[in-house]
Amino acid sequence: MLSASQWIAVLAIVAVGATMITAAVGYEMARRSDEKLWTEQRASLRNAMAEFRGLFGRSGSIDPGFVRMAEQNAGLKDLKFETNPASSQREMQPAIDAQGRIAGFFTWDRVHPMTETMNRLMPLIAGIAIVLVIFAGVALGMLRRAQRDLAASEAQAQRAADSDKLTGLPNHAKMLELLDLALAERAGPEITSFVLIEVDGLADVDAQCGNDELVAAVANALQQALPPSATVGRIGSDKFAVAITGADEVEPAIRAALDAMTRPDLTGTAVRVSAHAGFAQTPRHATTRGELTRRAELALRAAAEKGPGAIVGFDMSFDVASADHKFITRELPRALEANELELHYQPIVAANGGKMVGVEALLRWTHPVRGPIGPAVFIPVAEQMGFMEVLGAFVLRRALMEAKRWPDLYVAVNLSPLQVRDASIVDLVRAALRESGVAPERLVLEITEGVLIDNPEEMVQRIDDLHALGVSVALDDFGSGYSNLGYLQRFPLDKLKIDRSFVAGLGTSANGGVIIQAIVALGRALGLSVLVEGVETEQQRVLLRLAGCDEMQGYLFAKPAPARAIDRLLAQARQGRTPEALTA
Ligand code: C2E
Ligand code: MG
Ligand code: MG
């Protein structure tokens with residue numbers, strides 16, 4: 001395609017060319033028509049002269065001026081000799097006889113020779129051509145200027161489109177472009193960190209205080225605090241992005257930036273903002289821009305959860321968690337329908353003698369494509385998606401139905417915090433017990449510490465209500481979270497399940513044994529039955545028994561397994577095999 005200026009140049013050349021060709025053609029046509037005229041003129045002059053001489057011989061005379069003119073190409077058309085010319089319109093020249101009288105007339109029509117006209121037109125044509133050339137030149141100049149202006153305003157518009165109006169920083173799209181550039185320019189093993197910073201409190205600023213001013217101040221503080229090599233962009237109303245190449249350790253720089261951005265004296269008002277940041281690095285966490293930004297986003301979310309001032313670097317577990325979340329939300333309801341969910345049971349043995357006294361029901365999901373997905377992964381998702389009530393009811397009913405086969409064992413069922421908070425759990429337990437016909441004394445409900453702390457009064461009531469049904473309540477994973485021994489006595493619990501993290505220290509660290517001994521002693525002092533989870537070695541078993549715990553559960557005795565496996569274990573026990581047989 002031709003540009004506008006090229007078009008003008010081409011048109012000018014064509015116009016000048018056309019003018020020249022027209023002129024040349026016109027000139028040639030004029031020359032030819034004059035040639036014909038001239039030939040005719042000479043022929044008619046010859047005839048006329050012959051006629052004159054025929055009449056008067058040598059004696060007559062003609063004006064020599066006329067003869068000179070007639071011998072030139074003078075445009076004399078239809079030249080004749082007439083003794084008595086009819087038309088007075090024609091030009092005429094008298095011919096004089098020997099006696100000096102007018103003997104006749106040479107007559108003709110005067111036509112103008114075309115070439116002469118052309119000669120006269122030539123300057124005009126040349127003038128037109130020159131005007132055209134000048135015109136084209138001027139138009140080209142104007143066009144050039146217009147193009148320059150356009151380019152300038154385009155660049156300005158581009159800058160405006162690329163940057164955030166308030167802060168002048170690159171905007172989201174531009175930031176991604178700059179990040180691409182940074183990634184492309186990264187030399188060899190250099191690390192590029194992509195940092196996302198979210199500022200809280202900007203939206204709360206009321207109009208009088210000047211939100212715009214504060215944003216600009218925060219942005220400025222951020223930029224000042226970072227090394228000059230860092231690329232800073234504002235990618236959302238309260239979100240900034242930073243790309244830093246070179247430094248492995250970015251946390252100190254981010255810390256400095258967060259501190260600067262949240263300084264109380266930033267605008268001289270009482271407004272306080274807070275900020276948190278998440279980051280991911282190439283090549284450690286990602287090699288492409290998409291991956292890098294996505295992972296920085298996940299880190300930012302984790303930082304937001306941690307609270308103001310938090311700086312979180314990407315961790316591979318974030319990725320799994322977020323990928324699984326979507327997948328699980330979609331698949332879990334279907335999985336339940338499709339019977340992909342089942343319960344496994346893990347034996348619980350008496351510390352004294354090792355006899356199996358109960359089982360803990362543990363939910364298992366084997367996805368047809370993904371394979372096994374752990375309850376610690378999908379149960380929190382089920383809670384978030386509002387599916388826990390359905391899932392919890394399924395577990396309770398299924399556990400009680402299957403427990404009917406083991407009249408000598410109790411069955412422990414885990415309740416999620418959400419289930420315990422909902423008062424309808426009491427009705428569900430009542431209904432499930434009635435449907436299965438299992439004695440309430442054989443059901444142990446496991447709840448966790450967190451739910452007790454959040455709402456102590458209601459939980460005391462809830463445990464009382466459950467007790468009224470005849471079931472027991474155990475505190476699961478004790479010591480894994482708050483480990484506040486003092487609050488324990490407020491709750492009418494029956495059993496303490498000590499978290500396996502305490503067991504792991506047994507026999508390896510010097511005071512590991514002391515702590516677990518103290519906890520077991522405390523539980524017993526509160527009148528609770530004490531169970532220790534996660535017993536994996538013979539040494540741990542011996543030490544825990546010495547510590548005085550009542551029951552144990554762990555891989556040493558048996559891993560969670562389908563109900564059939566419990567049937568087999570019970571059959572073996574009846575045949576008088578030792579408890580060690582459980583590990584087989
Ligand atoms: P939990 O209730 O504390 O269950 C014990 C967990 O420890 C189980 O993991 C079990 O497989 C594991 N475990 C048992 N013995 C050992 C051992 O010796 N060593 C080690 N390393 N681990 C051992 P699991 O089945 O993955 O369950 C994880 C958590 O998911 C459970 O912790 C429980 O909080 C929750 N959960 C499982 N099933 C259900 C359910 O049906 N409903 C609810 N609300 N939560 C469930
Ligand atoms: Mg449990
Ligand atoms: Mg536990």
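Trainee: What should I know about the model and the numbering?

Mentor: The model is predicted, so local features need pLDDT of at least 70 and side-chain atom pairs pLDDT 80 or more, while totals for chains, interfaces and linings use all residues. Residues count from 1 along each chain as written, chains are lettered from A and ligands numbered from 1 in written order, and side-chain values use heavy atoms, without hydrogens or water.

Trainee: Back to H17. Which residues are buried in it?

Mentor: H17 covers residues 538-547, and its buried residues include Gln-540, Arg-541, Leu-544 and Ala-547. Buried means under 20% relative accessible area, exposed over 50%, partly exposed in between (1.4 Å probe, protein chains only).

Trainee: And where do they sit around the axis?

Mentor: They lie on the same side of H17, because their arc around the axis is only 125 degrees. The arc is taken from the directions from the helix axis to the C-beta atoms.

Trainee: Why would residues three or four places apart point the same way?

Mentor: Because an α-helix has 3.6 residues a turn.

Trainee: Where in the fold do Asp-476 and Glu-533 lie?

Mentor: Asp-476 is in strand E15 (residues 472-478), whereas Glu-533 is in the loop between strand E17 (529-532) and H17, so the pair ties together parts 57 residues apart in sequence.

Trainee: Are those two buried or exposed?

Mentor: Asp-476 and Glu-533 are both buried.

Trainee: How far apart are the two magnesium ions, ligand 3 and ligand 2?

Mentor: They are 3.9 Å apart, with Asp-476 coordinating both.

Trainee: Which protein donors does ligand 2 have?

Mentor: Glu-360 (OE), Asn-414 (OD1), Glu-446 (OE) and Asp-476 (OD), at 2.0 to 2.3 Å. Their spacing in sequence is E-x53-N-x31-E-x29-D. Asn-414 belongs to strand E13 and Glu-446 to strand E14, so this pair ties together parts 32 residues apart in sequence.

Trainee: Is Asn-414 buried or partly exposed?

Mentor: Asn-414 has 25% relative accessibility, so that residue counts as partly exposed. Glu-446, at 1%, counts as buried.

Trainee: Last topic: which strand holds Ser-193?

Mentor: Ser-193 sits in strand E5 (residues 192-200). Ser-193 is buried, at a relative accessible area of 0%. Leaving out residues up to four places away in sequence, the residues that Ser-193 touches (heavy atoms within 4.5 Å) are Val-242, Ala-243, Ile-244, Ala-247, Val-250, Ala-280 and Gln-281.

Trainee: And where is Thr-282?

Mentor: Thr-282 is part of strand E8 (residues 274-282). Thr-282 is buried, with a relative accessible area of 0%.

Trainee: What does Thr-282 touch?

Mentor: With residues up to four places away in sequence left out, Thr-282 touches Leu-183, Arg-186, Glu-190, Ile-191, Thr-192 and Leu-292.

Note on methods:
Helices (H or I, at least four residues) and strands (E, at least two) are DSSP runs, numbered from the N terminus. Donors are N, O and S atoms within 2.8 Å of the metal (3.2 Å for Na, K and Ca); water is not among the atoms, so sites may look incomplete.
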